[in-house]
Amino acid sequence: MTFTKPDHEFIVAAGDAGLRADAFLAKALPELSRTRIQTLLKQGSIRINQLPAKPSVKLEEGDQIQCSIPEPETLQVKAESMELDCVYEDGDILVINKAQGVVVHPAIGNREGTLVSGLLHHCEDLSGINGVMRPGIVHRLDKDTSGLLVVAKNDLAHQSLAAQIQDRSMKREYIALVHGIVGEPAGIVDVPIGRDPKDRQRMAGVGDGKPAVTHYRVLDRVEQQTVLLCRLETGRTHQIRVHMAYLGYPVVGDPKYGRRKEALPWPGQALHAWHLHLRHPRSGEDMDFYAPPPPFFLQVLTGLGAENTLKLLKSQQKDSASLNK
């Protein structure tokens, strides 16, 4: 891209020598996220000593840094009226109980009917940090995973929530129904996740992947399935689905990592983001949100006699309803 007149200029002081360019700029421009800075570097919007800079370049004392921040692109995503299950909303954040079957953000083949389209119709403002196709989106859920998702309504909220995911202080717990009887009462899966070398459309546990950690606890063992409470320590693509399949207990109904023949009829995978804990980006208040699984999921759990799971869900329902009034 053409480098225009810089919006910001810096001279690297002795105390900052040796820093990576992206680390220096994250400190010099706190209003921009690290992801946004790296994007600008890759676009050629940042130059060091008149030359395009790479994120990893180490700075030297006296280096001249120029930043040209382009105007936001015109959003091409169409706002659409959509029934949103809003669990909580204020001026900074919006917590949604996403329905199964809803795609979070537009992509090839899914330009319309996404959660982003519904959010644009619902909200006047959303954070623009993640670009024009993902306004306000801090984290995501797969199309056929239901449950809680927090959306940032401004950049301050987005930066705070992203930092909570990064430092692992945001807590995300899922109810998962998996094939097989899990023997141990609890466990941790610490297996890196990356693209499956045999199928680039799938993720897999691979040695050179990104670190991925899932904690799980058995809630019920029913017939030939187990109900698990899974907590994400990291948030990789398809993480719980990949990790459970890696252990030999694939999520029921999972079309990508599950069994070819399902004993239970299931519209997508039996995975629900049940509990979300976060720190409010402006007030600093600790907040907990709960959302029961969809009616079909609850019906199956009841039919299987998953008493501990149903008791856990019921125990939080009253507290959550009181919090979200």
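This is a predicted model: local features need pLDDT of at least 70, side-chain atom pairs count only at pLDDT 80 or more; totals for chains, interfaces and linings use all residues.
**Entry 1: the open sheet**

I began with strand order. Four strands make up an open sheet, running E1-E4-E2-E3 with antiparallel pairing. I then looked for the edges and found strand E1 (8-11) and E3 there, each pairing on one side only. Next I followed E1 to its partner, strand E4 (residues 64-67), and the two are joined in the antiparallel sense by four bridges. For a landmark on screen, I noted that His8 has Cys67 in E4 as its bridge partner.

**Entry 2: strand E12 and its partners**

How much of strand E12 is buried? I found eight of the ten residues in E12 (residues 213-222) buried, so I wrote the strand down as mostly covered. On one pairing I have strand E9 (residues 186-190), which meets E12 in the antiparallel sense over five bridges.

**Entry 3: the core around Leu119**

Nonpolar side chains tend to be buried together in soluble globular proteins. With that in mind I went looking for the largest nonpolar core, and it holds 49 residues. Which residues have the most contacts inside it? They are Leu119 and Leu177.

Setting aside neighbours within four places in sequence, I listed its contacts as Leu84, Leu94, Ile96, Leu126, Ile137 and Val151. Leu119 belongs to helix H3 (residues 115-122), where Leu115, Val116, Ser117 and Gly118 are buried along with Leu119. I asked what the buried residues of H3 pack against, and the answer is strand E6 (93-98) and strand E7 (146-152).

**Entry 4: empty space inside**

Rolling a probe the size of a water molecule over the atoms shows where empty space is left. My search of the whole structure gave one cavity of 30 Å³ or more. I put the volume of the largest cavity at about 40 Å³.

Its lining consists of His139, Leu141, Leu148, Arg172, Glu173, Tyr174, Ala273, His275 and Leu276. I sorted these lining residues into five nonpolar, two polar and two charged. Strand E8 (171-179) and strand E14 (271-279) each give at least two residues to the lining.

**Entry 5: two positive phi angles in loops**

Most residues other than glycine have a negative phi, so I picked out some exceptions. Asn49 is not a glycine, yet I read a positive phi of about 55 degrees for it. I located Asn49 in the loop between strand E2 (46-48) and strand E3 (51-52). Is Asn49 buried or partly exposed? I have it as partly exposed, because its relative accessibility is 36%.

His238 was my other stop, with a positive phi near 60 degrees. This residue is in the loop between E13 and helix H5 (239-247). I logged His238 as buried, because its relative accessible area of 14% falls under the 20% cut-off.

Definitions and conventions
Residues are numbered from 1 along each chain as its sequence is written. Side-chain values use heavy atoms; hydrogens and water are left out. Buried means under 20% relative accessible area, exposed over 50%, partly exposed in between (1.4 Å probe, protein chains only). Two strands pair if DSSP finds at least two bridges between them. A nonpolar core is a set of buried Ala, Val, Leu, Ile, Met, Phe, Trp, Tyr and Cys residues joined through side-chain atoms within 4.5 Å. Contact means heavy atoms within 4.5 Å. On a 1 Å grid over the protein atoms alone, a cavity is a set of points where a 1.4 Å probe fits but cannot get out, and a pocket is an open set with protein on both sides within 12 Å along at least five of seven lines; lining residues have an atom within 4 Å of a point. Grid points are joined across faces, edges and corners, and a volume is the space filled by probe spheres set on the points. Ala, Val, Leu, Ile, Met, Phe, Trp, Tyr, Cys and Pro count as nonpolar, Asp, Glu, Lys and Arg as charged, and the others, Gly among them, as polar.
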